[in-house]
Protein chains: 2
Amino acid sequence: MTLEHSHPDVAHEMAAHQRDISVSEFFLKNRHLLGFDSPSKASLTTVKEAVDNALDACEEAGLLPEIRVEVSNAGDGVLSVSVEDNGPGIVEEQLGRIFGKLLYGSKFHKLSQSRGQQGMGIAAAGMYAQLTTGKPLHVLSRVQGESTATELFVSINTAKNRPDIQGKKRVAWDHSHGTRVEAQIEGHYPRGRHSISTYLKQTAIANLHVTIHFRGPHGEQWDHECSCTDLPPRPVNVKPHPRGVELGQLIQMLNNTESRTLLRFLEKDFSRVGRKTARRIIRQADQNLTERSYPKRIAHRQSQALYRAIQTVPISGPRTDCIAPIGEQRLAEGLHIEFDASFYTVTTRPPAVYRGNPYQIEVGLAYGQAAGTHLELDEHGHIHKATRQRLNTTPELEHRADEPAYLLRFANRVPLLFDQEGCAITKAVMQTNWRSYGLEQAKGALPHAPLVILAHMASVWVPYTSEAKEAIAPYPEIVKEIRLGLQSCGRRLAAHLHHETRVSDEFDRRTHLEKYLPHIGVALQTILALSDDERERMIASLDNILHEKRRL
Amino acid sequence: MTLEHSHPDVAHEMAAHQRDISVSEFFLKNRHLLGFDSPSKASLTTVKEAVDNALDACEEAGLLPEIRVEVSNAGDGVLSVSVEDNGPGIVEEQLGRIFGKLLYGSKFHKLSQSRGQQGMGIAAAGMYAQLTTGKPLHVLSRVQGESTATELFVSINTAKNRPDIQGKKRVAWDHSHGTRVEAQIEGHYPRGRHSISTYLKQTAIANLHVTIHFRGPHGEQWDHECSCTDLPPRPVNVKPHPRGVELGQLIQMLNNTESRTLLRFLEKDFSRVGRKTARRIIRQADQNLTERSYPKRIAHRQSQALYRAIQTVPISGPRTDCIAPIGEQRLAEGLHIEFDASFYTVTTRPPAVYRGNPYQIEVGLAYGQAAGTHLELDEHGHIHKATRQRLNTTPELEHRADEPAYLLRFANRVPLLFDQEGCAITKAVMQTNWRSYGLEQAKGALPHAPLVILAHMASVWVPYTSEAKEAIAPYPEIVKEIRLGLQSCGRRLAAHLHHETRVSDEFDRRTHLEKYLPHIGVALQTILALSDDERERMIASLDNILHEKRRL
């Protein structure tokens, strides 16, 4: 090997540059990973993270959520975004870390369905605010039962990933409980498919129990009252299912358990393992393991045997009370509220498991040429419940027949607006053969039809394609479950569509033929030795025949 | 608002569950974000991370890289993956953290081009090994000039994101310097487009100076000698360009600087700011700022003014010696080595800037029906330099005319094999109008042609779409630069293709006509009142005319 410009102390020189990277620095530099790539996306992401937290908090506390979202221009390209909820409030000691520290929260270590799961979103919004306008988050929170609220300004010390709190004080607030967060960000108010309004309206489709008040920067405003007053069932926090635990994780659990015997460990640290199953696992594993083996002293070889035994001994499937799907009835209601279609169908699949994580897929279709959407607002812009409220007041949700199907993607009741291409839902839709249900579809594309396709994944852990939680990672087992849901809805749609499709096929063939009429004319002229005049007459007559046939 | 099941201490109960999430735990649960979603992808990612580090280390030390990659079956679905380099070695105190801690490294805080940038990859591979087989990484490293190597086994304490080192000792090693890392992972040996072999061969295309020895688990092996012996120019580490710094970052820099005057701060902490420019910025900012203002005492309002002044005062563009493109000559050589085409063209675009980060785009095309690839291996499977070595020994790189163009994507000389759809390069290719250069292309798709498209982004900071570094985030300015490169190559291709395209268009029209001949027959029968026999004769004669014309 050649050595060039190399000197012996280069390894030490390089070592001198090695250092820790704080998680905040990392995401500051990679802020597109958290959904803050552009000013317009950043404003939507800010709203989304705050709304997710608000809804989670309300539901966890058993409170029917009512949220207020306000976006206003603060001049100089700066948007002020605020989200207020009627949740239980956040205790003072936690406020700093929740809003001013990445990777901090209550949902990551839990095994139950929630919108948030990473402990990053809202603090990331604060970091973005700080980066672009230098302004800290303004937080106000009043805990249920306390007489005043806490107000504070918080930013992140990115080098240390620590909250930096300013101006904390107790203040009066005319809400008995709740939280309000306000961010000053460099932002463009997004419009169309990726607008804040669209996001909130889609939220309402999957969350019929949520009341939303929205005020935009250009005077736009709407209020949406919940259409049902019972909360979704509260998902239970469960222990991991033994089959979902990988070898390394098992070893770690053995090391960290508080149980003093293997039997107790298996019974206590996992769900679905009773005494009988625990004993069978230990017997099957063999390797001198006994019920009384001390977990922390189990050797690598023994852990491997235990791991293998878990894969073979019969164990009941994971518990599913840790997830709360929307349910067929509410799903259908959501679609009805939003889309004025001629045909609806929904299905909630039975619970399934990927890598030990229970999840459940729901699918809905709304089909129909009745694409026009009804505005049922009164003169103040309010949608009234009395008149069967429709949310769909913006053109972006209108649907036309000559476009691909409109996808509504949800994960744990949260609408997914970005990265459609990368999403398991999109892949499942593309892999489904919609032609067999009577729709047009190019190979590997979305079907072309006046069709809305809604799909929802409810899970204790949604595998997102990025920290921005914009799309569901296309794990094969998840894509397959979605496909099964689509197929079951598709078959029902097929019956409805049978006649219309035949007509449309015929139409297509004719269109193609017409395109080639001039060429046919030239060819015939050669064969039949026609004059130019005769050729033109013949083309005209062919054209007539084709048109006549179509009228039938 | 209704209160249901709510109790006043719910906020405190929720607070009790709030806790820190270690970055290792986070990525353990989200390992697909780091490229460890499936056993086959995991094995490629492991190789990739180790090779990236090896090449970076060699180049930084001025050593011509020679790497050995070995993959073998360790039974029970376990692969043993090892990567060895002839780099400068890693000093003993750093070994644990480099291989056993996420977010630790020397490249994140630097502004110069390197393959690694996150300080996560190889430690993540170790974490995956630990999770799936329970085995720590086995590391061996000898620092240039030392008489022995250090051997150790290292895993990550994921709850604390700290290395857990076992069995460290000094051992003899028959290499004067270098590093070897071995992981035992649950893995499937990937084949085809995403194989380790493909990855290494693509690495050789963009790194003509690298020698690679590969041994696969089923006896497959090849050795590729570097085709040039000079290292790429070593990128210089630069200071940030003032225009690339956002307001929040500027405020932070003011707070953290060691400079005691504003003038000195501007001159010292930024690139491209001399005394004259610094003075102009301060004068333009006004707000009572002077050359001698103390940076740490500058108010928010003043920082804003400073920020605005930076955007308006003329400042030279960023330095570009921090990036090292491959260069047109080597790019062309790489394409020649790999593809047996009838036409080649390459272009290196001038340096550009996104968000203050200098970058440079390179594009190459290889076109030709000469799709067959030459195997120039001797009986031992070695490729010889003497016979103009070709790497393309696997069917996955063969190219056929009826398929979409084959994309070769590179970022900082590293091949990108996954997430093609999400990549800025793919988007640029799809947005380019290849029809105007004489190729077939469906709207918004890759062109269909016997074409290889290579694109490379060299930058001090590549904005990847995920931590797995599989695709370049489609920032509009980057997509545009790639498109300009593609267009310049495309125009040269167009000249070459002019004649062939006309022929191919004609062919297509005919094919369509033939499909409709039977329908034409029926229509003509009606118009001209032909007998069935006459109709068939006429179709036959039409068919003949079409075929005759094609032969011309």
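**Reading the two chains**

Tutor: The copies meet through the same surface, because 100% of the interface residues of chain B are also interface residues in chain A. Contact here requires C-beta atoms, placed from the backbone, within 7 Å. This is a predicted model, in which local features need pLDDT of at least 70 and side-chain atom pairs count only at pLDDT 80 or more, while totals for chains, interfaces and linings use all residues. Residues are numbered from 1 along each chain as its sequence is written, with chains lettered from A and ligands numbered from 1 in the order in which they are written.

Student: How many residues of chain B are in contact with chain A?

Tutor: In chain B, 79 residues are in contact with 79 residues of chain A. Helix α13 (residues 476-528) of chain B gives the largest share of its side, 8 residues. Helices (H or I, at least four residues) and strands (E, at least two) are DSSP runs, numbered from the N terminus.

Student: How is a pair of packed helices described?

Tutor: Two packed helices are described by the angle between their axes and the distance between the axes. Here, the axes of helix α7 (residues 247-256) of chain A and helix α5 (residues 121-133) of chain B come within 4 Å and cross at roughly 80 degrees. That makes α7(A) roughly perpendicular (65 to 115 degrees) to α5(B). A:L247, A:G248 and A:Q249 meet B:Q130, B:L131, B:T132 and B:T133 there.

Student: Which strands pair between the chains, and in what sense?

Tutor: Two strands pair if DSSP finds at least two bridges between them. Strand β4 (residues 104-105) of chain A pairs with strand β1 (residues 19-20) of chain B in the antiparallel sense, over 2 bridges. Within this pair, A:Y104 has B:D20 as its bridge partner.

Student: What is the strand order of the open sheet in chain A?

Tutor: The order of its 8 strands is β7-β6-β5-β8-β3-β2-β9-β10, with mixed pairing. The edge strands, β7 (162-171) and β10 (221-224) of chain A, each pair on one side only. Inside the sheet, β2 (residues 66-73) and β3 (residues 78-85) of chain A are antiparallel over 6 bridges, and A:V71 stands opposite A:V81.

Key. Contact = placed C-beta atoms within 7 Å. Axes fitted to C-alpha atoms, helices over the stretch in contact; angles between N-to-C directions. Parallel < 35°, antiparallel > 145°, perpendicular 65-115°, else oblique.
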